[in-house]
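Please look at the model below and keep it in view while you read. The paragraphs that follow are meant to be checked against it step by step.

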Amino acid sequence: MEKTHYESVVVLTPVLSEKMLQDAVSSFEKLITENGGELIHKENWGLTKMAYPIQKKTTGFYQIFEFAAEADAQIVDKLELAYRRDEQVLRYLCIKLDKHAIKYNERRRNGEFKKAKIVDTTNAAPVVEAKVTPVTSEEEE
Amino acid sequence: MAKRQKYTRVPIIRPKKYCRFKKSGIKYIDYKNPDFLMAFINEQGKLLPRRITGTSLKFQRKVAVAVKRCRHIALLPYVADQMK
């Protein structure tokens, strides 16, 4: 049977030290790999501002895991239980990815979306300058 | 006797709305990108109806799910006074 892809986002408290953060992240990673999950991608956003305060904290460490596992492995249950038991976790979200989401994540990992933005700005910048300069010269005349 | 004047309704011509997901071939809406989802909520943080954004029903459902996920992980507010 083909493996199911999951994605998990965890928000950890901002009061953690660098080492405590790494310990927490590696413990979740370990949980995934030990329960028959295959870690595909992990991402750390660092300290990020939240849209509203949770437990009187306005920032949080965002950590994203993408992993594949057998659908009957109950890995998500175990992971969510670990999140709930951990007091450092402010919020968590585990979702199943559909085929479009898997493709999207692959493209995102390869930096396609970031590249597109960079290309746009570099193309746009000289055009804007070229347009602006003649206008100003006319105004001066 | 004066004849009653006939009114003819002037049609308002607006550009036709379209579903941006169908047009540009986006199949997955990322809930981790609040900047993109801002286009589908009003300044109070509420979801905009389909009749305003022009999104097709299929993708409106996906937008709703994405916005709700985004709110849960605190990247978008549940309630806001003025966010734009």
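This is a predicted model: local features need pLDDT of at least 70, side-chain atom pairs count only at pLDDT 80 or more; totals for chains, interfaces and linings use all residues.

Residues are numbered from 1 along each chain as its sequence is written, and chains are lettered from A and ligands numbered from 1 in the order in which they are written.

Chain A contains four helices and four strands, where helices (H or I, at least four residues) and strands (E, at least two) are DSSP runs numbered from the N terminus. Following the sequence of chain A, these elements come in the pattern β-α-β-β-α-β-α-α. Two residues are said to be in contact if their C-beta atoms, placed from the backbone, lie within 7 Å; among the contacts in chain A between residues at least 6 apart in sequence, 76% join residues at least 24 apart. A residue is called buried if 20 or more other C-beta atoms lie within 10 Å of its own, exposed if 12 or fewer, and partly exposed in between, with the C-beta atoms placed from the backbone. Of the 141 residues of chain A, 18% count as buried.

In chain A, four strands form an open sheet with antiparallel pairing, in the order S2-S3-S1-S4, and two strands are taken to pair if DSSP finds at least two bridges between them. S2 and S4 of chain A stand at the edges with a single partner strand each, so one side of each is left without a neighbour in the sheet. On average, and with direction ignored, neighbouring strands of this sheet are turned by 15 degrees against each other.

The antiparallel strands S2(A) and S3(A) are joined by eleven bridges. Within S3(A), A:Phe61 stands opposite A:Leu47, and A:Phe67 is the bridge partner of A:Leu39. S1(A) and S3(A), which also run antiparallel, are joined by nine bridges, and here A:Val11 stands opposite A:Tyr62 in S3(A).

Which residue takes a positive phi in the hairpin of S2(A) and S3(A)? The hairpin has two residues between the strands, and A:Gln55 takes the positive phi, near 50 degrees. A:Gln55 lies in the loop between strand S2 (38-54) and strand S3 (57-69) of chain A. This residue is exposed, because 9 other C-beta atoms lie within 10 Å of A:Gln55.

Next come the helices. Two packed helices are described by the angle between their axes and the distance between the axes. Axes are lines fitted to C-alpha atoms, for helices over the stretch in contact, and angles run from 0 to 180 degrees between N-to-C directions. Helix H1 (residues 18-34) of chain A packs with H2(A) at an angle of about 160 degrees, and their axes are 10 Å apart. That angle makes H1(A) roughly antiparallel to H2(A), a description used for angles over 145 degrees. Where the two helices meet, A:Phe28, A:Leu31 and A:Ile32 in H1(A) touch A:Ile75, A:Lys78, A:Leu79 and A:Ala82 in H2(A). The residues of this contact divide into six nonpolar, no polar and one charged; Ala, Val, Leu, Ile, Met, Phe, Trp, Tyr, Cys and Pro count as nonpolar, Asp, Glu, Lys and Arg as charged, and the others, Gly among them, as polar. H2(A) also lies across S1, S3 and S4 of chain A, running at about 170 degrees to S4(A).

Is A:Gln88 buried or partly exposed? A:Gln88 counts as partly exposed, because it has 16 C-beta neighbours inside 10 Å. Leaving aside residues up to four places away in sequence, A:Gln88 touches A:Leu12, A:Thr13, A:Leu16 and A:Ala24.

Finally, consider chain B. Eleven residues of chain B are in contact with eleven residues of chain A, and on the chain B side they divide into seven nonpolar, one polar and three charged. In the segment after helix H4 (57-72) of chain B lies B:Ala74, a residue other than glycine with a positive phi, near 60 degrees. B:Ala74 counts as buried, because it has 24 C-beta neighbours inside 10 Å.

Technical notes
Angles under 35 degrees count as roughly parallel, over 145 as roughly antiparallel, 65 to 115 as roughly perpendicular and the rest as oblique.
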